[in-house]
Amino acid sequence: MPNIKPISDLRNYTEVLKEVSYNNPVYLTRNGRGEYAIIKVEELDKLRAMVRLMAQLEEGEKSAREKGWLSADEVEASLGL
């Protein structure tokens, strides 16, 4: 269940930060609507890496669509297997 708190709870920010853990962000609301999320730095780094990987995979798929796909034998040959 998501951990949702009003932004006014940041007056006691140390208590709010104690509730943040990996895969357990704290969501902050302003006027009853979601506005912010507090996550661990390690989780942010992982999310950024995942976005970079997805972008690279998209580039590879686009290249394959434009230039053609490689067969398994061609991949093994290019890798020296």
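**Reading contacts, strands and salt bridges**

Colleague: Which residues does Thr-29 touch, not counting those up to four places away in sequence?

Modeller: A contact means heavy atoms within 4.5 Å. Leaving aside residues up to four places away in sequence, Thr-29 touches Ile-4, Lys-5, Pro-6, Ile-7, Gly-34 and Glu-35. The model is predicted: local features need pLDDT of at least 70 and side-chain atom pairs pLDDT 80 or more, whereas totals for chains, interfaces and linings use all residues. Residues are numbered from 1 along each chain as its sequence is written, and side-chain values use heavy atoms, with hydrogens and water left out.

Colleague: Is Thr-29 buried or exposed, and in which strand is Thr-29 found?

Modeller: Buried means under 20% relative accessible area, exposed over 50%, and partly exposed in between (1.4 Å probe, protein chains only). Thr-29 has a relative accessible area of 16% and is therefore buried. Thr-29 is found in strand E2, residues 26–30; strands (E, at least two residues) and helices (H or I, at least four) are DSSP runs numbered from the N terminus.

Colleague: How many bridges join E1 to E2, and which residues of E1 lie on the covered face?

Modeller: E1 and E2 run parallel and are joined by four bridges. Lys-5 stands opposite Leu-28 in E2, and Pro-6 stands opposite Thr-29. In a regular strand the side chains alternate between the two faces of the sheet. In E1, Asn-3 and Lys-5 form the covered face, while Ile-4 and Pro-6 form the uncovered one.

Colleague: How many salt bridges does the structure hold?

Modeller: A salt bridge is a side-chain nitrogen of Lys or Arg within 4 Å of a carboxyl oxygen of Asp or Glu. The structure holds four. In one of them, Glu-19 pairs with Lys-5, and the closest N and O atoms are 3.4 Å apart. Glu-19 lies in the loop between helix H1 (13–18) and E2, and Lys-5 in strand E1, so the pair ties together parts 14 residues apart in sequence. Lys-5 counts as buried at 15% relative accessibility, whereas Glu-19 is partly exposed at 30%.

Colleague: How far apart are Lys-18 and Glu-15 within helix H1?

Modeller: An α-helix has 3.6 residues a turn, so residues three or four places apart point the same way. Lys-18 and Glu-15 both lie in helix H1, three residues apart, about one turn. Their side chains meet in a salt bridge of 3.2 Å, N to O. Lys-18 is exposed at 62%, and Glu-15 is partly exposed at 36%.

Colleague: Which residues are linked in a network of salt bridges?

Modeller: Glu-58, Glu-61 and Arg-65 are linked in such a network. Arg-65 forms a salt bridge with Glu-58, with the closest N and O atoms 3.6 Å apart.

Colleague: How many of the eight residues of helix H3 are buried?

Modeller: The number buried in helix H3 (residues 72–79) is zero, so this helix lies largely in the open. Just after H3, Gly-80 takes a positive phi of about 75°.

Conventions: Two strands pair if DSSP finds at least two bridges between them.
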